[in-house]
Amino acid sequence: MDKGEVLSYKINDVFSALADEHRRNMLVMLSKGSKNVNEIASAFKISRPAVSKHLKILKRSNLVAIKKEGRNRYFSLNPKPVKEVFDWLKFYDKSWDRKLQSLKNYLEK
């Protein structure tokens with residue numbers, strides 16, 4: 001497996017994790033600072049076990065980091081995978097810009 005395939009696999013994990021609205025909202029919450037499970041769960045109308053499952057998916061996709069302090073686990077946003085996805089999407093953004101400019105030039109002739 002080459003580096004591109006590994007990156008693609010990570011990107012697939014990130015896209016899969018971001019596909020759920022609860023997980024996206026958790027990431028927005030964590031972008032403002034680290035929180036423990038209870039703090040995160042209190043912001044959602046889903047069960048605490050459901051919140052834990054969502055956090056497990058975010059951890060597996062490397063979107064969150066966990067720090068243990070005593071009996072508490074604090075979750076914080078890991079922005080690196082989001083940056084990798086952004087960089088990946090930027091490539092396609094440039095490609096579309098060129099194609100749309102070519103179409104515009106063609107239509108204006």
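Student: Before we discuss helix packing, what are the axes here, and how do the angles run?
Tutor: Axes are lines fitted to C-alpha atoms, for helices over the stretch in contact, and angles run from 0 to 180 degrees between N-to-C directions. Please keep in mind that this is a predicted model.

Student: Understood. At what angle do α2 and α4 pack, then?
Tutor: Helix α2, residues 21-30, packs against helix α4, residues 48-60, at an angle of about 75°. Their axes are 10 Å apart.

Student: Is that roughly parallel or roughly perpendicular?
Tutor: Helix α2 is roughly perpendicular to α4, because angles of 65 to 115 degrees count as such.

Student: Which residues in α2 and α4 meet?
Tutor: From α2, the residues are H22, R23, M26 and L27. In α4, they meet V51, H54, L55, I57 and L58.

Student: And by class, what does that contact have?
Tutor: The contact of α2 with α4 has six nonpolar residues, along with two polar and one charged.

Student: Changing topic: how many salt bridges does the count come to?
Tutor: The count comes to four salt bridges. One of them joins the side chains of K67 and E69, at 3.6 Å from N to O.

Student: K67 first. Is it buried or exposed?
Tutor: K67 is exposed, since its relative accessible area is 51% and the cut-off for exposed is over 50%.

Student: What about E69?
Tutor: E69 has 41% relative accessibility and therefore counts as partly exposed.

Student: Now α5. Which side chain meets D87 at 2.9 Å?
Tutor: That is K83, whose side chain forms a salt bridge with D87 at 2.9 Å, N to O.

Student: Where do D87 and K83 lie relative to one another?
Tutor: They are separated by about one helical turn, because they lie four residues apart in helix α5, residues 80-108.

Student: And what is the N to O distance for D87 and K90?
Tutor: The salt bridge between the side chains of D87 and K90 has an N to O distance of 3.7 Å. D87 and K90 are three residues apart in helix α5, again about one turn of the helix.

Student: Which residues are linked in a network, then?
Tutor: K83, D87 and K90 are linked in a network of salt bridges. D87 takes part in the bridge with K83 and in the bridge with K90.

Student: How accessible are the residues of that network?
Tutor: D87 is partly exposed, with a relative accessible area of 31%. K83 is partly exposed at 47%, and K90 counts as partly exposed at 36%.

Terms used. Residues numbered from 1 in each chain as written. Predicted model: local features only at pLDDT ≥ 70, side-chain atom pairs only at ≥ 80, totals over all residues. Heavy atoms only, no water. Helix = DSSP H or I, 4+ residues; strand = E, 2+ residues; numbered from the N terminus. Parallel < 35°, antiparallel > 145°, perpendicular 65-115°, else oblique. Contact = heavy atoms within 4.5 Å. Nonpolar A, V, L, I, M, F, W, Y, C, P; charged D, E, K, R; others polar. Buried < 20%, exposed > 50% of the residue type's maximum accessible area, 1.4 Å probe, protein only.
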